[in-house]
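Please look over the sequence and the fold before reading on. The notes after them are meant for a first reading.

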Amino acid sequence: MTSGFDELSLALFTALAPAGAVAFIVVALARLGAASREEAVRIDRMCACPFSVCLVGFIASATHLGTPANALHVFWGIGRSPLSNEVLSAVAFLFLVGAYWMMAFKRNFPDKIAKPWLVLTCAAAIVFIACTSVAYSVDTVPTWNTTFTPVNLLFSGLLPGPLLGLLFTGLAQAQRPLGDLLVVAVASFALVAGTIVLVAHQQSLALVANNEIVASSLVPHYPLAIAAHAALGITGITCAALTLRRGAKHHNVIVLRVLACVFALAAVFITRLVFYQLHMTVGF
């Protein structure tokens, strides 16, 4: 098993970084459909928010490397190591988002440059999420090397990510009633599907064992964690759904969306902690 500090830092990374990437896609789509130049500028300023969410997660993940110098060794395995591919995709995505945000402060930042840049960065976000989801496919860790792992991580990004995007576009005062409804629907689907996958994963652990223990004994509290995940997720989505009412005051909308993000991120964080507590090698 990993140390408690490693579990915490990696759980933060996989809860925050994919969510931040999905949130950027939501913000980028709003920017691509901006109704006016003024709205486009406001949305551009908000690109700093999903960037910050991803960056915090990325920094948290780096703490388990021991020393900062060890981060350089990660790049030696690009193309053959899932971890190296994950780090490279994260760096590429963060670079594209950060550079776009800084360029957006230029007085003249034409759409003919901004829109292709946003599309490219959205593609980088998808690649980053994909690389992160397969980074734990390790043959010697049977509790991680399952189809549940990448699917769980995908839904972990799709639950809080859209809600973060909803918050950021709300802060930019981007009016997208149908788009906002779709965002909440995606998060709702991710919660339902993700919870089903978590239950299936928990049930499968009784069939996984090494020379010493059965995997299910590592996380006897898994059912409780799934219940907490579902309850927090439902609460978060309910808060987000309440902001879709017509005539809601902007201040109340923002407060509810902040609460929605907090609940959704907490729901994901709990299950990510359980995932890292499941670290078990084949032999011992």
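This is a predicted model: local features need pLDDT of at least 70, side-chain atom pairs count only at pLDDT 80 or more; totals for chains, interfaces and linings use all residues.

Residues are numbered from 1 along each chain as its sequence is written, and side-chain values use heavy atoms, with hydrogens and water left out.

**Helix α11 and its partners**

- Helices here are DSSP runs of H or I with at least four residues, numbered from the N terminus, and their axes are lines fitted to C-alpha atoms over the stretch in contact, with angles from 0 to 180 degrees between N-to-C directions.
- Helix α10 (residues 222–242) packs against helix α11 (residues 250–277) at an angle of about 165°, and their axes are 8 Å apart; α10 is therefore roughly antiparallel to α11 (an angle over 145 degrees).
- The crossing of α10 and α11 is left-handed, a term used if the near helix is turned anticlockwise from the far one by less than a right angle.
- Contact means heavy atoms within 4.5 Å, and the residues that meet include Tyr222, His229 and Leu232 in α10 and Leu256, Phe263 and Val274 in α11.
- By class, the contact of α10 with α11 has 16 nonpolar, 5 polar and no charged residues, where Ala, Val, Leu, Ile, Met, Phe, Trp, Tyr, Cys and Pro count as nonpolar, Asp, Glu, Lys and Arg as charged, and the others, Gly among them, as polar.
- Helix α8 (residues 160–171) and α11 cross at roughly 160°, with axes that come within 9 Å, so α8 is roughly antiparallel to α11.
- Among the residues that make this contact are Pro160 and Leu163 of α8 and His250 and Arg257 of α11, and the contact of α8 with α11 divides into 13 nonpolar, 2 polar and 1 charged.

**Cysteines**

- The structure holds 0 disulfides, a disulfide being a pair of cysteine sulfur atoms within 2.5 Å.
- The sulfur of Cys47 is too far for a bond, because the closest cysteine sulfur, in Cys49, is 8.9 Å away.

**Thr143**

- Thr143 lies in the loop between α6 (111–133) and α7 (148–158), and at 1% relative accessibility Thr143 is buried.
- Thr143 and Tyr276 are 133 residues apart in sequence and 9.6 Å apart in space, C-alpha to C-alpha.
- Not counting residues up to four places away in sequence, Thr143 touches residues including Thr149, His201 and Met280.

Methods: Helices (H or I, at least four residues) and strands (E, at least two) are DSSP runs, numbered from the N terminus. Angles under 35 degrees count as roughly parallel, over 145 as roughly antiparallel, 65 to 115 as roughly perpendicular and the rest as oblique. Buried means under 20% relative accessible area, exposed over 50%, partly exposed in between (1.4 Å probe, protein chains only).
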